[in-house]
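Thanks for making time this morning.

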Amino acid sequence: MTRNHKAIPQDILIFGAAAHIGGPLAQFLTQHAPAIRLRLATSNAERAEKLRATFPAATVVIANYNDLPSLLTACEGVQGVFALTPSGTDEAPAMGNLIRALKEVGEVRHMIRLLGMQPESKLARIPQSLRNHGLGLPIQHPIAKTMLDESDLPVTYLNSGATFMDNFFGMRPGLQRDRCLIWPERLIPYIDPRDIAEVAARLFLSDNHRHIGQFHTMNNGQDILRFSDVAQIMSEVWNEPIAYDGSEARFKHEYAHLGERRLQYLWDFFLYEQENEVVWSRNDFVQSILGRNPVTVREWLVEHTSSMLG
């Protein structure tokens, strides 16, 4: 068997370092690999100041995917890159700029790109309403993957074939006010973003070259649940009845602050998911990388009881 031969990057650039995946990734690398030089990127000047205070040993840069000069500065000399994009990103110009910057000034040994795609999804199955919207995950993330494939950069794709557990934070108003979980019904696996961060860190620190070029779909290997099931688990964990309402009318009333266009996109997206829900299956990739069981929905709800219920 061929021996492992990936060079571990000594300078790692983390995009979204002030958010729920990039932040824990920076924290893990700071604690477990302090010799690695971190470059933490954010597009927000206020968040940059907070990052400097939290990670005094790191270099903090302000970078925007749509601003090539800022990317050239951020990418100069980096050997490792963790890339993810905000919801609604137009991936063609964003990845075009990043690829150009990395090829011009980077020294990339390993890039990790976070995606959110249904495994083996086909664009032909995506309904016209989502195509018309244009900036949703089913349309944009395949564009990013194609561009990175063609770039010949040493990329590992971490695909979140699951919903993030901390999305429950956005559902707190209904839970705190009415003890009701308000969200469209969907069958979906789950994952804690902190586990994604640790997976990325361990892949950066691994000398196993076989992960480069691979598309790894992640979930916690334990939970595939409908939201009505989650409401039942909440009732058990919190020892009080939690109702569930997945109706379109209640959803659009509860989350009216998101705006009509965003709400309609989400509703159409969940209908698309329902037509393709048979694709989901548990896997043990995250467990195998972490060397432990990933966080379950029940464990996450126990940990965040006070913040969820108020």
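Predicted model: local features only at pLDDT ≥ 70, side-chain atom pairs only at ≥ 80, totals over all residues.

A search of the whole structure for disulfides finds 0 of them.

Let me move to the sheet, which is open and is formed by 7 strands with parallel pairing, in the order β3-β2-β1-β4-β5-β6-β10. At its edges are β3, residues 59-62, and β10, residues 215-218, each of which pairs on one side only. On average, and ignoring direction, neighbouring strands are turned by 20° against each other. Strand β2, residues 37-42, is joined to β3 by 4 bridges, the two running parallel, and Ala 41 has Val 61 in β3 as its bridge partner. Across β2 and β3 lies helix α2, residues 45-54, running at about 175° to β3, while helix α4, residues 91-105, lies across β1, β4 and β5 and runs at about 170° to β5.

Finally, the cores. The largest nonpolar core has 65 residues, and those touching the most other members are Ile 14, Phe 15, Leu 40, Phe 82, Leu 98 and Met 111. Helix α8, residues 193-205, gives the most to this core, with 7 residues. A second, separate core has 39 residues, among them Trp 238 and Trp 267. Returning to Phe 15, its contacts beyond four places in sequence include Ala 41, Tyr 65, Phe 82 and Leu 98.

Notes
Residues numbered from 1 in each chain as written. Heavy atoms only, no water. Core = buried A, V, L, I, M, F, W, Y, C linked by side-chain atoms within 4.5 Å. Buried < 20%, exposed > 50% of the residue type's maximum accessible area, 1.4 Å probe, protein only. Contact = heavy atoms within 4.5 Å. Disulfide = S-S within 2.5 Å. Pairing = 2+ DSSP bridges. Axes fitted to C-alpha atoms, helices over the stretch in contact; angles between N-to-C directions.
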